[in-house]
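Student: I would like to learn how to read a few features of a structure. Could you take me through them one by one?

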Amino acid sequence: MNSDSPLLVLWDKGSRLMVLALRSLWLHKLRASLSVLGIIIGTGAVISLMAFGEGSMHDALEDIKRQGATNIIVRSIKPPDDGSSQRRSFTVTYGLTYADFERFQMVSSVVGSVPMRIVDPQEIRRMQYMHRGRVVGTTAAYQNINKIQLVMGRFLVDADEEEGDGDDVGMRNVCVLGSDVAEALFPFESPLGQSVVLNKHLFVVVGVLAERMPTGAVGGSSVSAEEFNNDVYIPLRTCRGRYGERIYIRQSGARSGEQVELHQVTLTVSDMDKVRITGDAIRDLLERNHIKKDWGVTVPLDRLEAAERQKQRFTVLLVFIASISLFVGGIGIMNIMLATVTERTREIGIRRALGAKRRDITFQFLIEAIVQTSVGGLFGVLLGLGIVYGVPYAAEQFFNSHLPAKLHVMSIFLSLGVSICVGVLFGWYPAQRASRLDPIEALRHE
Amino acid sequence: MPGVVRILDLVKNYELEAVTVRALRGVSLTVDEGDFLALMGPSGSGKSTLLNLLGCLDRPTSGNYYLGEEDVSEMEDDQLSEIRSKYLGFVFQSYNLLAQYTVVENIEVPLLYQDRRLSEETQRRCVELAELVGLGDRLDHRPMQLSGGQQQRVAIARALVNDPHLILADEPTGNLDSRTSDEIMHLLAKLNQAGKTIIMVTHETDIAAWARRVVRMRDGHIESDEPNPHPNGHIALVTRH
């Protein structure tokens with residue numbers, strides 16, 4: 001008798017049994033789909049939850065990258081009115097000062113720094129056009145630290161800070177427009193070299209920024225969500241001269257004002273490893289020089305870690321949910337397999353009489369369980385893909401909200417692998433039970 | 001020449017809760033190659049037990065069973081499976097075909113459990129066997145689409161596919177009408193004349209009349225063992241020629 005390689009024989013048997021299993025699945029469509037429902041839902045949940053987790057993580061990372069991983073953002077914060085001073089002055093003075101800015105330069109690991117004055121949204125005019133936007137006074141260094149892209153012209157340069165021939169007081173009246181501002185004021189022509197009116201003064205447009213993604217808000221009050229496309233950038237020196245340091249707010253007849261020298265200073269640190277220490281040094285510096293807590297330090301790198309921790313928590317939760325649903329799914333499979341073994345006792349008896357060994361029977365029912373869970377897993381993958389692509393689309397269409405999802409290719413293989421494992425795990429006992437049946441008894445079974 | 005089957009003082013006891021049922025009380029029997037033996041007896045006589053032992057589906061309490069050269073009475077479960085797949089063919093009263101398989105696939109089943117791959121050749125052999133039992137035009141039918149007689153023909157083809165030393169038939173005509181019974185017995189007699197050894201359990205004398213030898217059992221013993229000088233099949237074949 002010729003004997004073939006055992007592996008080939010096994011493959012032969014296995015593929016035959018797979019076809020047989022698929023055939024009987026097709027025969028009992030409703031029963032099969034009910035019994036693998038748990039697997040379908042479990043697999044679908046794994047894939048979609050992984051995609052949403054990955055998506056929000058990705059968004060957070062992008063956000064942090066936009067703020068710069070080596071950056072430290074120092075902001076002025078209006079301190080709570082403690083009412084300690086009986087003499088209620090018109091203006092509250094708080095926040096970062098030019099002296100602070102000079103001190104930051106002394107920290108050795110700080111390689112770049114950008115001071116910013118931010119004037120609250122106001123009218124930017126040109127002829128009959130008008131647009132509301134923030135006016136940001138800053139320096140040339142802003143471009144590099146924030147990785148600014150221009151669509152035309154140039155950003156502010158160091159020379160803009162120097163005394164110029166712009167007008168009577170020797171300030172250079174130049175500005176760079178955010179993309180929305182440029183679009184609103186110059187719908188039909190190039191803004192380069194044209195003038196816009198800011199606070200009754202004419203400014204020459206020297207550049208236009210590309211569209212910038214907004215940054216998300218961070219927990220706490222130090223950094224709120226920022227939108228950049230309505231900004232106009234002017235030289236810091238010019239900003240001081242044109243707007244002064246005081247800003248007045250009229251509120252129901254009463255006048256209050258605040259005096260802030262710098263709203264924000266963005267610092268760049270030489271090395272990723274030094275970001276955290278530098279952050280502490282800056283905090284220390286500010287604590288010693290400010291009586292009130294009128295400042296906040298944000299280290300985007302901290303957010304990176306927070307995001308990673310959050311992802312880890314999410315992963316733990318995901319694994320928990322997935323294992324519960326796959327466990328329930330596995331029990332469904334075990335249940336149906338036990339029923340199948342009882343139902344097909346006679347078939348088992350026939351096969352045993354015709355020469356099937358115990359392990360042949362085990363193999364047959366194990367394959368059947370695995371085929372069921374794999375088919376369930378496949379449908380689960382389809383369900384997951386549907387959710388990953390469908391739900392964000394629906395959210396965008398009907399609720400106008402952004403739901404980031406990023407499909408993880410590994411998650412498909414992972415969940416398919418897990419469904420196969422579930423088949424092995426929960427198919428084992430019924431298969432064993434089938435193989436232990438006494439052939440004579442099994443043959444007599446009706 | 002030693003017999004295909006030699007059993008020596010075979011004993012089989014079933015341990016029930018309180019009592020021991022002595023199904024076989026020392027049975028000895030030799031069956032030569034090419035024999036056609038009918039095993040008769042009332043229910044409880046031990047003929048089914050004997051058939052299960054002969055079919056290697058069960059192990060005796062004591063005694064020896066030589067199938068060909070091999071003593072199978074002490075074999076492990078896996079070895080018995082191997083013996084069944086290589087040397088034995090089964091024909092059951094209720095046909096016992098697998099409902100989800102076609103005619104050809106059903107004939108193929110015993111080959112699935114011999115450790116070799118199925119080839120074009122085995123496929124062809126199954127088709128030939130189906131033609132031999134007269135089902136050449138129903139190769140892709142499922143058991144549900146066949147009559148009882150046709151199903152039993154498939155079962156006989158299946159019992160032949162591994163070219164067994166011994167065919168065991170358990171009341172092969174028990175579920176069939178007399179005309180179909182005749183057809184099935186013709187087929188078995190033909191196989192016997194082609195050299196196949198057959199042991200058949202039956203309780204009908206006119207079915208036993210097809211065999212060359214009739215063994216009657218009672219209370220776990222062999223009561224009588226007589227040759228049948230004029231088995232039915234011979235006459236039928238002679239008259240046909």
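The dialogue below goes from sheets to rings, charges and contacts.

Tutor: This is a predicted model, in which local features need pLDDT of at least 70, side-chain atom pairs count only at pLDDT 80 or more, and totals for chains, interfaces and linings use all residues. Residues are numbered from 1 along each chain as its sequence is written, chains are lettered from A and ligands numbered from 1 in the order in which they are written, and side-chain values use heavy atoms, with hydrogens and water left out.

Student: In what order do the six strands of the open sheet in chain B run?

Tutor: Start with the terms. Helices (H or I, at least four residues) and strands (E, at least two) are DSSP runs, numbered from the N terminus. Two strands pair if DSSP finds at least two bridges between them. Here the order is β6-β7-β8-β3-β9-β10 in chain B, with mixed pairing. β6 (88–91) and β10 (221–227) of chain B are the edges; each has a single partner strand, so one side of each has no neighbour in the sheet. Neighbouring strands are turned by 20° against each other on average, direction ignored. Such angles come from axes, which are lines fitted to C-alpha atoms, for helices over the stretch in contact; they run from 0 to 180 degrees between N-to-C directions.

Student: Which helix packs on this sheet?

Tutor: Contact means heavy atoms within 4.5 Å. Helix α6 (residues 178–193) of chain B packs there, touching β3 (36–40) and β8 (197–201) of chain B. The direction of the helix makes about 135° with that of β3(B).

Student: In which sense do β9 and β10 of chain B pair?

Tutor: Antiparallel, over six bridges; β9(B) spans residues 213–218. Within this pairing, R218(B) stands opposite H221(B) in β10(B).

Student: How many aromatic pairs are there over all chains?

Tutor: Rings of Phe, Tyr and Trp (its six-membered ring) pair if their centres lie within 6.5 Å; planes under 30 degrees apart count as stacked, over 60 as edge-to-face and the rest as tilted. That rule gives five pairs over all chains. In one of them, Y142(A) and F155(A), the centres are 5.7 Å apart and the planes at 10°, so the pair is stacked. Y142(A) lies in helix α5 (residues 141–145) of chain A, and F155(A) in the loop between β5 (150–153) and β6 (174–177) of chain A, so the pair ties together parts 13 residues apart in sequence.

Student: What kind of pair do F155(A) and Y233(A) make?

Tutor: A tilted one, because the planes are at 55°, with the centres 5.7 Å apart. Y233(A) is in strand β9 (residues 232–235) of chain A, 78 residues from F155(A).

Student: Is F155(A) buried or exposed?

Tutor: Buried means under 20% relative accessible area, exposed over 50%, partly exposed in between (1.4 Å probe, protein chains only). F155(A) counts as buried at 2%. Y233(A) is buried at 0%. Y142(A) is buried too.

Student: Which charged end sits over the ring of F228(A)?

Tutor: The test is that NZ of Lys or CZ of Arg is within 6 Å of the ring centre and within 35 degrees of the ring normal. R212(A) sits over F228(A), 3.7 Å from the ring centre. R240(A) lies over the face of Y98(A), at 3.9 Å.

Student: How many residues of strand β1 of chain A are buried?

Tutor: Six of the six, residues 71–76, so β1(A) is largely enclosed by the rest of the structure. N71(A), I73(A) and R75(A) are buried on one side, and I72(A), V74(A) and S76(A) on the other. β1(A) pairs in the antiparallel sense with β12(A) (residues 264–269) over five bridges, and I72(A) stands opposite L267(A). β1(A) also pairs with β13(A) (residues 295–298), antiparallel over four bridges. There, T298(A) is the bridge partner of I73(A).

Student: What joins the side chains of R276(A) and D302(A)?

Tutor: A polar contact is a pair of N or O atoms within 3.5 Å; within protein, one must be able to donate a hydrogen and the other to accept it, and residues adjacent in sequence count only if both atoms are side-chain atoms. Here the polar contact is 3.1 Å. R276(A) lies in helix α8 (residues 275–289) of chain A, and is partly exposed at 33% relative accessibility.
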